[in-house]
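Here's a quick briefing to read with the model open beside you.

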Amino acid sequence: MYGKGLRPLSIATVVGITAALSLVFFYAPLDADQGFIQKIFYLHVPLAMVALVGFVIGGVFAIAHLRSGNRKWDAYSYVSIHMSVIFGVAVLITGSIWAKASWGHWWVWDEPTLVSFLIVFLMYATYYPFRYAIEDPERQARYASVFAVTAGAFVPLNFMAVRMAQSLVHPRVFATANGGLPGSMMFTFLVCLAATALLWVTLVKLELTAKSTSGQLKRLRRALDAPASGGGSSRVAPEVS
Amino acid sequence: MIGLLLAETPALPLDEAGKYVAGAYVVFLVLIVIYVAIMASKLQRMEKELRELATFAEARADSDQVAPGRGSEGQSISDSLALTGAEEATPDE
């Protein structure tokens, strides 16, 4: 029952996003350097962080699938990666808008943070053709899991490499030394991060519920399509938990 | 109530930067709306399929009652879907 708890989760997400937007536009102070443009930060950075963590979570589910052989974990892994790719699209577009407003260019190729995220995004964009190129469902799930584990391990390595690059163009605002985020901005950012994470979890749960319902329908169709055996027992397989 | 609330809130500096900030948030909103629309169309498809299956199951139950012991051998879902389609077709279609 993937749909269980979806309604309270959705309500919490709506409340969280409303609170986050209110804080962004009516509580957080204007940035001394960038001014109003900096408001994109509260959308762009949480989306990027949740997308990257989502890719890692997809890898963790893939490990669970490879260890147990249970296809449920493969579905979890697929949906996590799928949702993170959608968030990744939002990250790239909002990042480009921010870059245009701040730097005057839609894209800057010598900025490691941007390029590394693009590399991660493109790597995960190949997940779909890679997965659906394999017809056998068992092999498809196994190979996709190996991909998810490998790519999931690459994400934190990539993040660390970018942190070590120490670019001046993309300043590290979470540092405690040399001017980090002030308290009100940090509070607003954390609420935005929590709201974005809630949105990701809600959408993953919604997607899993839809996939599970679709699967149950297929099983029901197969069971009804088969000629009646007269055995008396139900031909519909038990629901996958 | 909303008017009072808006009157109390500080004015947003919607100058040159405003369109970029609005653009970024609108992109996010549009992506969410597209996703929800796709999910809604999937839900609609599943609902339709479920309705067809329910009709088929009812037809099978009826035929079982008419000829006990014979079951509905040979009757496939596609036959039922054709029947359902015929029943649901409107003059406009």
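In this predicted model, helix α2 (residues 41-68) of chain A packs against helix α7 (residues 183-225) of chain A at an angle of about 45 degrees. The axes of the two helices are 9 Å apart. An angle from 65 to 115 degrees would count as roughly perpendicular and one under 35 as roughly parallel, so α2(A) ends up oblique to α7(A).

**Where α2 and α7 meet**
- The crossing of α2(A) past α7(A) is right-handed.
- On the α2(A) side, the residues in contact are Y42(A), P46(A), L47(A), M49(A), V50(A) and G54(A).
- Across from them, α7(A) brings T188(A), F189(A), C192(A), L193(A), T196(A), A197(A) and W200(A).
- How do the residues of this contact divide into nonpolar, polar and charged? There are 10 nonpolar and 3 polar residues, and no charged ones.
- As a general point, an α-helix has 3.6 residues a turn, so residues three or four places apart point the same way.

**Helix lengths and what comes after**
- Helix α3 (residues 71-103) of chain A has 33 residues and reaches 46 Å from its first C-alpha to its last. That is close to the 48 Å expected at 1.5 Å a residue.
- α3(A) is followed by another glycine, G104(A), and its phi is positive too, near 85 degrees.

**The chain as a whole**
- Chain A has 7 helices and 0 strands, so going by the definition of those elements, its pattern along the sequence reads α-α-α-α-α-α-α.
- Of the 241 residues in chain A, 34% count as buried.
- Take the contacts in chain A with a separation of 6 or more: 76% of them come from residues 24 or more positions apart.

**A look at T150**
- You'll find T150(A) in helix α6 (residues 137-165) of chain A.
- Is T150(A) buried or exposed? T150(A) has 12 other C-beta atoms within 10 Å, and 12 or fewer counts as exposed, so T150(A) is exposed.
- T150(A) and L224(A) are 74 residues apart along the chain, and their C-alpha atoms are separated by 41 Å.

Definitions and conventions
Residues numbered from 1 in each chain as written. Chains lettered and ligands numbered in written order. Predicted model: local features only at pLDDT ≥ 70, side-chain atom pairs only at ≥ 80, totals over all residues. Axes fitted to C-alpha atoms, helices over the stretch in contact; angles between N-to-C directions. Helix = DSSP H or I, 4+ residues; strand = E, 2+ residues; numbered from the N terminus. Parallel < 35°, antiparallel > 145°, perpendicular 65-115°, else oblique. Left-handed = near helix turned anticlockwise from the far one by under 90°. Contact = placed C-beta atoms within 7 Å. Nonpolar A, V, L, I, M, F, W, Y, C, P; charged D, E, K, R; others polar. Buried ≥ 20, exposed ≤ 12 C-beta atoms within 10 Å, placed from the backbone. Expected span 1.5 Å × (residues − 1).
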